[in-house]
Every structure is written in structure tokens, then in C-alpha cells.
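Thanks for coming. I will take a few spots in this protein one after another, and you can follow along on the screen.

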Amino acid sequence: MLLSEKPKFFGRRKGRIIRKAKTTLLDAFLPKVRLKDDCTFDKETMFGKKVEKVYLEIGFGNGEHLAGQAKNNPNIGFIGAEVFQNGVANLLSLITGIKEGSNLPEDINLSADREDNIRVYDDDMRLLFPRIPDGFLDKVFVLFPDPWPKKRHASRRFINPDNLKELSRVLKKGGILRVATDHKVYKSWTLHQLHDCPDFRWTATCGNDWKHEPSDWVETKYQRKAIREGRKPVFLDFERI
Ligand SMILES: C[S@@+](CC[C@H](N)C(=O)[O-])C[C@H]1O[C@@H](n2cnc3c(N)ncnc32)[C@H](O)[C@@H]1O
């Protein structure tokens, strides 16, 4: 893809309704945590505090995993990329504690129990890749990506050779790419794609390593939906070698 070309995005950017509190969060609070266009990728300055490591979550959906990880790991900086505005608004609600019906203060801030360790990229992750320096990231989460199960839509799957090339470039050696999915086709697709990519090694040594949630896991909306509907999620960790 040429840098000047905007990649085609096939998912939804906006749901039908964004209610009042979330609209206010998008207007008044998102600018405080948005990854700025001129942001320098520097662990000392890009978050509200100096961080030891930086993790990236691609397609964070409603943001439960991102908000939970950021709370559990206050010394790690998190970049979250999500195209769907309603999802971005939900993340903002989780990290400010402001819900529909809450009083909306004039100056909206993070909840008192949170560090300023999240930056939000509210657009297509493929546009952000070129800005991230080589080896900058320690971990990348791609959780329950849209499966695009039809063969003719396979090129839309996020785990693909072009994106793996970028993921391998931005992850440091020894860094982890975690892919979770509840979809059989996406599971074998991911394993094939990663098998064909010499920069990654699947870390699993037995079924227990990928059939169960990793110890640092935070549950997501799609995971709950999968379990409710009788599908078994898998958790695939790949090391950047
Ligand atoms: C099936 S949802 C899963 C959401 C969340 N990870 C979870 O587990 O609940 C996939 C999400 O990825 C987002 N997404 C897909 N492609 C993306 C891209 N190129 N950049 C940013 N977000 C993307 C979609 O908007 C959608 O919210």
C-alpha cells in the first residue's frame, strides 16, 4: 500500500445512536487522551507519566480489555486503536466513570483511581503503523478480530501478510503478539499466517497454553458473546524472534 492511499475499511465506523454522555465524552474528553498527529513515540513523554513498556491493542471494541489492562498495569503505556466511534465512547466512559445519566462536569477527567497511561487512535490501525518506530512495542493484542468467514472476504482479515510485516517491525525482539478468536476458520487462518512468517514463534507447548485464558487476561464483550453462543475462544501468543 502506498502511504498516500487510504486503505478501504469494511467494518462499521458509527452505530445508529450515540447518547448524550458519550457524545460529550467524544467531544470534550477524547482530545485529552487522543494520540496526537504530531505525537513523538517516546516512553518518557507520550503518556501522562513516564512508562516502562508500551502495549498496543488493535480493535479494542468496547474497551473493557484495554481499560482493565491499563488499570492493572499502571507503569505500562497503552495505545488503543479502534475505528468504531461507539466503542471509543464506551472506553472513555470506562476510564472516566461517566455513564448515561451521570452529572456531566465542565472539566471531564480520568477517574481518580487511574493513571494517565492510555492513548487512543480513533481510526484505522493501518494508518498508524508507519508512525510507530521499529521495535517500539512490547506487546500487541488483536482480540476477537472480525472473522470475515467467507473465503472471498479472506483478504479483509486483519491477520494477513501485510499487517504481519508491520507487526513484526513494531514489536521488539521477545515481544508478544496475542491473537484471540472464537472462530475455527480464523484460528487455523492465524496459525497458517504466523507459521508462514519467519519472524514469529508460537509459544504454546500444550493445549492448556491456548485453550485457556492467559493469566493476565481481561474478559471482553465478544468473548462473553462467544461463550453464550457455545463457541470456545482460543488464545494464541506468538513471540517476535
Ligand atoms: C469483533 S470486534 C472485537 C472487539 C474487541 N476486541 C472484543 O474482543 O470485544 C472487532 C473490532 O475491531 C475493529 N477494527 C477492525 N479493523 C480495524 C482496524 N483496521 N483498525 C482499528 N480497528 C479495527 C472493529 O471496529 C471492531 O470494533
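Val 218 touches Glu 64, His 65, Gly 68 and Gln 69, leaving out residues up to four places away in sequence. The model is a predicted one, so please hear everything that follows with that in mind. Take Gln 69 from that list: Val 218 and Gln 69 are 149 residues apart in sequence, yet 6.9 Å apart in space, C-alpha to C-alpha. Val 218 sits in the loop between helix 7, residues 208–211, and helix 8. Is Val 218 buried, exposed or partly exposed? It has 17 C-beta neighbours inside 10 Å, so Val 218 counts as partly exposed.

For contrast, go to Asp 196. That residue is in the loop between helix 6, residues 184–195, and strand 6, residues 200–202. Asp 196 has 10 other C-beta atoms within 10 Å, and 12 or fewer makes a residue exposed, so Asp 196 is exposed. Between Asp 196 and Gln 85 there are 34 Å in space, C-alpha to C-alpha, and the two are 111 residues apart in sequence.

Gln 85 brings us to a helix pair. The axes of helix 1, residues 20–33, and helix 3 come within 9 Å and cross at roughly 75°. The range for roughly perpendicular is 65 to 115 degrees, and helix 1 and helix 3 are therefore roughly perpendicular to each other. On the helix 1 side the contact is made by Lys 22, Leu 25, Leu 26, Phe 29 and Leu 30. Helix 3 brings Gln 85, Val 88, Ala 89, Leu 92, Ser 93 and Thr 96. Sorted by class, this contact of helix 1 with helix 3 has 7 nonpolar, 3 polar and 1 charged residues.

In soluble globular proteins, nonpolar side chains tend to be buried together. Here the largest nonpolar core has 49 residues, and Leu 91 and Val 140 have the most contacts inside it. Which helix gives the most to this core? Helix 3, residues 85–96, does, with 6 residues. As for Leu 91, its contacts beyond four places in sequence are Phe 60, Gly 63, Leu 66, Ala 67, Gly 80 and Val 120.

Next, the ligand. There are 23 residues around the ligand, and those that come nearest are Gly 59, Gly 61, Met 125, Phe 144 and Thr 220. By class, the shell around the ligand has 11 nonpolar, 7 polar and 5 charged residues. Helix 4, residues 125–128, and helix 8, residues 221–228, each supply at least two residues of that shell. Helix 8 gives the most, with 3 residues.

Most residues other than glycine have a negative phi. Phi of Phe 144 is near 50°, a positive value. Phe 144 is placed in the loop between strand 4, residues 137–143, and helix 5, residues 161–170. With 21 other C-beta atoms within 10 Å, against a cut-off of 20 or more, Phe 144 is buried.

Trp 148 is not a glycine either, and has a positive phi of about 40°.

How values were computed:
Residues numbered from 1 in each chain as written. Predicted model: local features only at pLDDT ≥ 70, side-chain atom pairs only at ≥ 80, totals over all residues. Core = buried A, V, L, I, M, F, W, Y, C linked by C-beta atoms within 7 Å. Helix = DSSP H or I, 4+ residues; strand = E, 2+ residues; numbered from the N terminus. Contact = placed C-beta atoms within 7 Å. Near = placed C-beta within 6 Å. Nonpolar A, V, L, I, M, F, W, Y, C, P; charged D, E, K, R; others polar. Axes fitted to C-alpha atoms, helices over the stretch in contact; angles between N-to-C directions. Parallel < 35°, antiparallel > 145°, perpendicular 65-115°, else oblique.
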